[in-house]
Amino acid sequence: MKVLSDSKIEKLPFETGHENDPLTPGLYLRVGKRKKTWEFSYRVEGTQIKQKIGEFPQLRLADARAEVDRLRKLAAQGTLDDQRRTLREVFEAYLEDCRLKQRKVRARDGYPTAET
C-alpha cells in the first residue's frame with residue numbers, strides 16, 4: 001500500500017495513469033499528459049459516478065481528502081445527487097445568464113438558440 005503525500009505527487013511523472021489514495025477510499029489522482037486531476041468515484045443506486053474535484057497543485061492532498069469527506073456527508077444526507085445538474089438545466093442557466101447580462105447567445109448550426 002503506497003501512501004500518497006504532496007511531495008510524492010509532485011514527483012510523479014506525467015502520463016502515469018492514476019494513483020489511488022489508500023487512506024481515502026474513492027479518491028484518486030488521474031495523471032495525464034499535462035495535468036494531475038483529483039477525482040472522487042462513488043456509486044448512486046448501482047451507477048458508478050466519477051466527479052472531478054480539482055487539480056494538483058492548486059488542490060493539495062489534504063484539501064482533496066477534506067472535499068471527499070464533505071461529498072460523502074452530502075451523499076449520506078441524500079443531497080449529493082441533487083447537486084448534479086442535467087444538460088438542460090445547465091443550458092437554461094446559460095441562457096438566463098446571457099439574458100441577464102444582455103449578451104448574445106452563441107450557437108452553431110443545429111443547436112438551439114435563445115429564440116427557439
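Me: Is Glu15 buried or exposed?
Reply: Glu15 counts as exposed, at 55% relative accessibility. The cut-offs are under 20% relative accessible area for buried, over 50% for exposed and partly exposed in between, with a 1.4 Å probe and protein chains only.

Me: Before we go on, what kind of model is this?
Reply: This is a predicted model, where local features need pLDDT of at least 70, side-chain atom pairs count only at pLDDT 80 or more, and totals for chains, interfaces and linings use all residues. Residues are numbered from 1 along each chain as its sequence is written, and side-chain values use heavy atoms, with hydrogens and water left out.

Me: Back to Glu15. Where does Glu15 lie?
Reply: In the loop between helix 1 and strand 1. Its backbone stands out on one count: Glu15 has a positive phi of about 65 degrees, although it is not a glycine.

Me: How many helices and strands are there in the chain?
Reply: Three helices and four strands. The pattern along the sequence is α-β-β-β-β-α-α. These elements are DSSP runs numbered from the N terminus: helices are H or I with at least four residues, strands are E with at least two.

Me: What share of the chain is buried?
Reply: Buried residues make up 26% of the 116 residues. The accessible surface comes to about 8,700 Å², and 50% of that belongs to carbon and sulfur atoms. Those areas come from the Shrake-Rupley method with a 1.4 Å probe; for residues, only the protein chains shown count as cover.

Me: Which residues have the most contacts inside the largest nonpolar core?
Reply: Ile9, Leu27, Leu29, Trp38, Phe40, Ile53 and Ala64, in a core of 18 residues. The elements giving two or more residues to this core are strand 2 (27-31), strand 3 (36-44), strand 4 (47-56) and helix 2 (61-77). Helix 2 gives the most, with five residues. By nonpolar core I mean buried Ala, Val, Leu, Ile, Met, Phe, Trp, Tyr and Cys residues joined through side-chain atoms within 4.5 Å.

Me: What does Ile9 touch?
Reply: Leu4, Leu29, Lys36, Trp38, Phe56 and Leu61, leaving out residues up to four places away in sequence. Contact here means heavy atoms within 4.5 Å.

Me: Now helix 2. Which of its residues are buried?
Reply: Leu61, Ala64, Val68, Leu71 and Leu74. They sit on the same side of helix 2, because they cover an arc of only 135 degrees around the axis. That arc is taken from the directions from the helix axis to the C-beta atoms.

Me: What do they pack against?
Reply: The buried residues of helix 2 pack against helix 1 (6-11), strand 2, strand 3 and strand 4. The face turned away from the buried side carries the exposed residues Ala62, Lys73, Ala76 and Gln77.

Me: How many residues does helix 2 have, and what is its reach?
Reply: Helix 2 has 17 residues and reaches 25 Å from first C-alpha to last, close to the 24 Å expected at 1.5 Å a residue. The expected span is 1.5 Å times one less than the number of residues.

Me: Switching to Asp21. Buried or exposed?
Reply: Asp21 counts as buried, at 3% relative accessibility. Asp21 lies in the loop between strand 1 (17-20) and strand 2.

Me: Which side chain does Asp21 join in a polar contact?
Reply: That of Thr24, at 3.0 Å. A polar contact is a pair of N or O atoms within 3.5 Å; within protein, one must be able to donate a hydrogen and the other to accept it, and residues adjacent in sequence count only if both atoms are side-chain atoms.

Me: And Thr24, buried or exposed?
Reply: Buried, at 6% relative accessibility. Beyond four places in sequence, Thr24 touches Arg65, Val68 and Arg72. Asp21 touches Arg65 too, along with Leu4, Leu27, Tyr28 and Leu61.

Me: What about Lys52, where does Lys52 lie?
Reply: In strand 4. Lys52 is partly exposed, with a relative accessible area of 49%. Its side chain makes a polar contact with the side chain of Glu55 (3.2 Å).

Me: Last one. Which peptide bond is cis?
Reply: The bond from Phe56 to Pro57, with omega near 15 degrees. Pro57 is in the loop between strand 4 and helix 2.
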